[in-house]
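Visitor: Hi! I've just opened this one and would like a friendly tour, please.

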Amino acid sequence: NDDHIDDDDDDENNDCINDENDDCIDDENDNCIDGENDDRIDDENNDRIDDENDDHIDDNDDASNNVHDIENNDDDDDDDNNDNSYKTKYEDNNEMITSIQNIKTHDLEENILNLIEKLSAQPKKSAFNNYLRMNFELIIQMPQATNVFIESITYICDTCNLVVGNRDDWIKHDEKFHRKNDDLSIVYCDICRVYYVNISSIFIGNHLVTDEHLIMKEFQEYMKTILVIPSINNIDNCNNSNPINNDKGSDIKIEKIQTLKKHKKNKFVHIEIKDVNINLKRNNYCSLNKIIQESYGNFKQIKNVDNSFIIFFENIDQVKCLVEDKNKLEEQYGFTIQVIGNNQEKVISLKTIDLFKDWSLLCDTISSDLEIMNKTLTSSKIQSYIQQLCDSINSLQIGTNSKKIHIFGSRIYGLATNMTDIDIYLETDDTFNGNISNDIDIQVELVKTLANRCLEKPKIFENVEEICNARVPIVKFYHIPSKLICDVSFKSGLSVYNTKLIKLYLSESSVVKWLVCVIVKHWALQNGLKDRHLFTSYALIWLVLFYLMTENVIPSVMGLRNKALKTDRKVIEGWDCTFGEWSNKFVHFRNDKLLLGFFKFYANKRRLKDYVLSTCYGQCMKKHTFYEKFSKLTALSKIQRTKFKTLQSKVDSNFEKCYGLVLQDPFELSFNLTKNIQKQVLTDFCDLCSQSSTLLINMKKDKKNVF
């Protein structure tokens, strides 16, 4: 019964347990209320107690059946102004009769000593345990302090194991010890007369069976028999907007108080920290735990495998903060950080989550990008830079003239910015139609010759690099006068005609260019898909165009060939590259519907696994019968059919026996544009599409623009 109660600053009347400089009642072991998986708490019996004069109190987790979980407020509630002060109001003042005269001092002391003994028996004493024992001892010494204690409402910071006696002191503590982006939830326990405050959503279930809570329940039951309990029908909550529920039909009163900051729940994003050094791994990653928790808040440790440390944050904003500091942390501590999902699944980029959270934001972003791209396309200054580049290449005298320098790619079809590389096909000795397309040795020789001549002019060309082991050998360099990075190839003019075809599709319909911009310039880039070892920009564009063909937004390449004139006829590398003009006479298509449709289409892994996406035909065709069915298409030109049939073995290996994604080139019909997208990469791609479609469905939109 004589256990010492830990307290830093008792004042004369013992009303206050903590002050601003010493809030915390130290407790060696926190009994945190663990609540990662549940937000709801059952309750049974309760009594309300209230007060105005109690100051600082310390905490842990409390006991029995009566707690209410606080969920996040709606967005509209997030904007409400917090009150500067927290006042507890009593309407039934007549009930506040201190019936101390009716208390039998001997019985009171005996019962309170019994409660103190139970609290002292705990091997690990929380701050709330200390607080209760101190107040019970005070009641024994001063029975008139009973009403003060039972009327008091306090705050318990579950993270810091701190009890605070009023809202003003809680605010000071919050500002001093919690990160600004912490998501704080508040739960009110009506038996213990406390507000539990914790970072992120918490589960109070463990509190209901703690000794502290059970003892407070016993204490209140006892006080009912000897003391008039004041009514608390009109207590303001933290917002002065949600009065505590005083349901007289229930002993337990549970109230939704508030969430101080908006909480964005994390459903599947995990953080894996690899290559952790031995110092941070000691004592079950104790040091690493401390580093992460102090900077980014509470998390759940999933598992440790060798040097890998996997954790989960309940709040997606915590994940964002850590990812933003990724480079700094990796440089400081030497480990690597990776964002993963359950079962190592590909997780959508946080940038994409931000982009897809609001329709107007997405539209503004893409409109701004398209405006920049249009200015780049038409800028006379940029055109003069390109002309300078062409003049410099022409001066190298690689058997060509300025008319044989062909620019292709995004600079031509209008998806380039000022910083975009420029692609050039350098025609030598009338090789546009593919005279040397099958002779890699000649192409490599030309690449080396061009590279050597560039090196002879270091004031014009720098960072000259030969790339001879690629499918199409190129020279890469930086052109100093124009400040442009350039890739030069010699194979054939097929890439030039591919560019003309894409330009036709993008120029005839604004929705086509809009959708291509979203996927190629944002989504694929943000999610690590835009890479020469995964998807090239060219392949991504054709993914979009093929989907639009299936929706009849644009015609297939065969459809365009049917519109061609005799003067449009062109054969390159033996492939028929003929196509005619197309005037968009189709009905208007909504951007939002097509964007969502794109992700739904490519989220279907079974379709992508079993079918060839034929950009030439504009439809999906089964892989196992592709060669047979495609070669018999009546719309296929004689030139295409003849060339295609000579490459049956290549079609078999690249199409029919491919277990990954097969996207047919529009002209080179035996070439798979997505040959690098095999099994696991295809799964990741489909997962990203599925997650993206979910984001779009949940996107905040205007009432006039609903998916």
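Guide: One term first: a residue is buried when its relative accessible area is under 20%, exposed when it is over 50%, and partly exposed in between, with a 1.4 Å probe and protein chains only. Please keep in mind that this is a predicted model, where local features need pLDDT of at least 70, side-chain atom pairs count only at pLDDT 80 or more, and totals for chains, interfaces and linings use all residues. Residues are numbered from 1 along each chain as its sequence is written, and side-chain values use heavy atoms, without hydrogens and water.

Visitor: Thanks. Is S693 buried or exposed?

Guide: S693 is buried, as its relative accessible area is 8%. It belongs to helix α24, residues 679–697. Helices here are DSSP runs of H or I with at least four residues, strands are E runs of at least two, and both are numbered from the N terminus.

Visitor: And what lies 2.7 Å from a polar atom of the S693 side chain?

Guide: That is the backbone oxygen of S690.

Visitor: Which residues is S693 in contact with, leaving aside its neighbours within four places in sequence?

Guide: S693 touches L596, F599 and K600. Contact here means heavy atoms within 4.5 Å.

Visitor: Now T578. Where does it lie?

Guide: T578 lies in the loop between β17 (575–576) and α19 (591–602). With 6% relative accessibility, T578 is buried.

Visitor: What does the side chain of T578 reach at 2.9 Å?

Guide: The backbone nitrogen of K570. There is also a polar contact of 2.7 Å between the side chains of T578 and D576. Once neighbours within four places in sequence are left aside, T578 is in contact with R561, A564, D568, R569 and K570, so K570 turns up on both counts, by the 4.5 Å contact rule and through its backbone nitrogen.

Visitor: Let's switch to strands. What is the order of the strands in the open sheet?

Guide: Five strands run β11-β12-β15-β14-β13, and the pairing is mixed. Two strands count as paired if DSSP finds at least two bridges between them. The edges are β11 (405–408) and β13, each of which pairs on one side only.

Visitor: Where does the parallel sense come in?

Guide: Strand β12, residues 422–426, pairs in the parallel sense with β15 over four bridges. There, I422 stands opposite C486 in β15. Helix α14, residues 440–455, packs on this sheet and touches β13, β14 and β15, while helix α15, residues 494–508, lies across β11 and β12.

Visitor: How many bridges pair β14 and β15?

Guide: Six, in the antiparallel sense, with β15 covering residues 484–489. One of the facing pairs is K476 with D487 in β15.

Visitor: Last topic, the core. How many residues has the largest nonpolar core?

Guide: It has 99 residues, and Y505, W523, W542, L595, Y602 and F685 have the most contacts inside it. Such a core is a set of buried Ala, Val, Leu, Ile, Met, Phe, Trp, Tyr and Cys residues joined through side-chain atoms within 4.5 Å. Apart from it lies another core of 26 residues, including I112, I116, L119 and I150.

Visitor: And which residues is F685 in contact with, leaving aside its neighbours within four places in sequence?

Guide: W523, L529, F535, L543, Y602 and L608.

Definitions and conventions. Polar contact = N/O pair within 3.5 Å; in protein donor to acceptor, adjacent residues only side chain to side chain. Axes fitted to C-alpha atoms, helices over the stretch in contact; angles between N-to-C directions.
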